[in-house]
Amino acid sequence: MHNKTLVELSQQLSSGALSSVELTQHYLDRIRQLDPQLNSFISITDELALGQAKAADERRAAGSAGPLTGIPIAHKDIFCTKGYRTSAGSKMLDNFISPYDATVVEKLNTAGTITLGKTNMDEFAMGSSNETSFYGAVKNPWNTDYVPGGSSGGSAACVAARLAPAATGTDTGGSIRQPASLCGITGLKPTYGSISRWGMIAFASSLDQAGPMTQTAEDAALLMNAMAGFDCKDSTSLNREAPNYTGELNNSLEGLRIGLPKEFFKEGLDAGVQQVIETAIKEIEGLGASVKEISLTTTELAVPAYYVIAPAEASSNLSRFDGVRYGYRCDNPTDLEDLYKRSRSEGFGEEVKRRILIGAYVLSAGFYDAYYVKAQKTRRLIKNDFDRAFTEVDVIMGPTAPSAGFALGEKADDPVSMYLSDIYTIAVNLAGLPAMSVPAGFTAGLPVGLQMIGRHFSEPRLLNIAHQFQQATDWHKQTPEAFTK
Amino acid sequence: MALDKSEVKDIAHLARIAIDEDKIPEYASSLSSILDLVEQLQSADTDNIEPMAHPLDATQRLREDAVTESNHREEYQSIAPATEDGLYLVPKVID
């Protein structure tokens with residue numbers, strides 16, 4: 001039953017062929033049996049899951065079940081879960097039992113989903129390989145010598161290995177799309193402000209956005225219907241009515257105008273990835289779309305702008321970890337400054353400290369205009385570049401990542417080379433646009449994701465394109481044999 | 001853009017992070033390579049461009065000045081490293 005999509009499982013629950021308790025137990029057993037090879041979970045919440053599953057079955061018997069009632073999912077360990085550890089992949093929060101639920105968790109609980117556990121991630125979502133986690137690296141189920149991508153690497157790996165039908169993720173510079181690409185699953189980063197950030201541990205607040213990680217676009221649409229919507233507890237939540245994300249899935253792609261930025265297809269892109277992407281785009285052309293070359297001239301400015309803005313916001317957000325109110329505190333502090341400094345240096349890992357230091361530097365007196373204001377101006381240039389492109393085309397397509405993946409340890413000692421692996425995803429966060437990664441084929445035995453970028457609020461259209469592509473192909477149904485036979 | 005050891009120490013103090021003396025050269029080198037990457041921004045022509053803080057240029061929402069939160073002090077302090085009589089404890093600041 002673990003190869004079924006969320007939509008198929010929902011039908012089985014609804015027909016009575018399966019109970020939520022049976023389904024939940026099946027996934028919990030798989031996690032216990034197979035996850036030691038992947039390390040995709042930080043916490044497995046058996047007791048919570050089985051309690052929720054029992055309640056879901058009762059709710060169904062009472063006739064008040066919705067499409068997600070009784071469906072087990074996993075939450076990235078960045079979403080606060082009341083009464084359970086929420087670590088953000090950090091030693092700093094290893095002892096943090098959240099006193100409340102994140103809005104995303106609360107909304108999904110209300111829809112009736114079951115929490116199987118909390119997934120592994122790069123520490124405070126800072127990373128593209130899941131190697132910066134305090135709980136150890138996650139392995140890619142397609143080849144356990146390879147990284148699953150990051151920062152939502154645990155969520156991507158557990159869905160790819162069918163240890164959960166779906167998972168939540170967050171995306172600050174590609175953290176949903178890049179691991180979705182590397183693990184061969186579907187991931188959606190919505191328009192900035194669509195899903196509440198309340199209770200989602202902050203990295204870079206003007207870029208962070210939650211989204212679903214699933215087998216199919218149809219599953220992602222179903223989760224979006226439960227996750228999205230205005231929340232007064234998030235000061236940047238968009239006060240507009242959420243669309244019906246499943247409403248346009250079956251529309252035709254006739255007349256769709258696709259733009260291919262020439263900057264996404266030049267040197268630096270792996271030849272095998274390029275071939276997969278070109279074949280996938282031809283397939284979509286065959287469904288009625290037209291293709292034209294466009295130019296996004298600011299492409300190369302995105303990574304530098306991001307590595308000013310994201311660390312600046314992170315240094316501010318992470319100043320709350322002071323060893324006083326919650327989280328890690330050093331032993332025997334001699335004075336208040338010693339308490340702050342040692343709690344922070346012992347509690348944070350190397351990459352997090354690096355980014356806090358960069359952030360403190362670019363915000364410091366004398367450098368603020370040269371770095372931070374310059375990066376914010378560049379950010380507007382990047383957004384204007386997309387706005388211009390969207391007067392000519394409806395959707396922009398290209399690779400999600402420049403290669404199908406890299407080996408564990410390969411880039412761990414070279415932060416800049418790691419940063420550049422996010423070259424195609426980062427600009428989307430700076431501009432606040434919605435984008436997806438969809439399984440599009442394989443190269444050298446590893447999956448490759450096709451990235452689709454849309455105008456603000458065009459998620460229903462992106463999900464429609466992805467769904468039509470998945471009706472015509474079966475890349476999203478391929479599973480890593482070692483975990484799914 | 002190369003940072004020297006004393007600059008790394010100054011930034012670490014600003015960020016309230018302690019760095020071991022023997023690790024400072026390593027930080028100086030990795031932070032400098034990140035700043036080299038960031039340096040590419042200088043090639044962007046940003047004359048007459050307004051800085052962008054929010055992707056949709058939204059501004060802070062205001063609400064009625066009314067009490068909306070209930071008191072969770074005991075719950076929140078139950079996960080604190082050290083508390084007494086409803087207060088958070090830190091090392092002595094004033095003699």
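Buried area is the accessible area, computed with a 1.4 Å probe, that two parts lose on being put together, summed over both. In this predicted model, the area buried between chain A and chain B is about 5300 Å², and carbon and sulfur atoms give 69% of that area. Local features are reported only at pLDDT of at least 70 and side-chain atom pairs only at pLDDT 80 or more, whereas totals for chains, interfaces and linings use all residues. Residues are numbered from 1 along each chain as its sequence is written, chains are lettered from A in the order in which they are written, and side-chain values use heavy atoms, with hydrogens and water left out.

The contact between the two chains, where contact means heavy atoms within 4.5 Å, takes 69 residues from chain A and 50 residues from chain B. Three salt bridges are counted between chain A and chain B, a salt bridge being a side-chain nitrogen of Lys or Arg within 4 Å of a carboxyl oxygen of Asp or Glu. Lys82(A) forms a salt bridge with Glu75(B), with 3.5 Å between the closest N and O atoms. On the side of chain A that touches chain B, the largest share, twelve residues, comes from α12(A); helices (H or I, at least four residues) and strands (E, at least two) are DSSP runs numbered from the N terminus.

Within chain A, Asp234(A) lies in the loop between α7 (217-227) and β7 (257-261). Because its relative accessibility is 3%, Asp234(A) counts as buried, where buried means under 20% relative accessible area, exposed over 50% and partly exposed in between, with a 1.4 Å probe and protein chains only. Leaving aside residues up to four places away in sequence, Asp234(A) touches Ile195(A), Ser196(A), Arg197(A), Trp198(A) and, from the other chain, Arg61(B).

Ser194(A) is found in the loop between β5 (186-189) and β6 (209-214) of chain A, and with a relative accessible area of 10% it is buried. A polar atom of the Ser194(A) side chain lies 2.8 Å from the backbone oxygen of Thr191(A).

Two further aspartates are exposed. Asp369(A), found in helix α12 of chain A, has a relative accessible area of 56% and is therefore exposed. Asp65(B), in the loop between α2 (24-38) and α3 (73-77) of chain B, counts as exposed at 82% relative accessibility. Asp65(B) and Lys5(B) are 60 residues apart in sequence and, from C-alpha to C-alpha, 49 Å apart in space.

How values were computed
A polar contact is a pair of N or O atoms within 3.5 Å; within protein, one must be able to donate a hydrogen and the other to accept it, and residues adjacent in sequence count only if both atoms are side-chain atoms.
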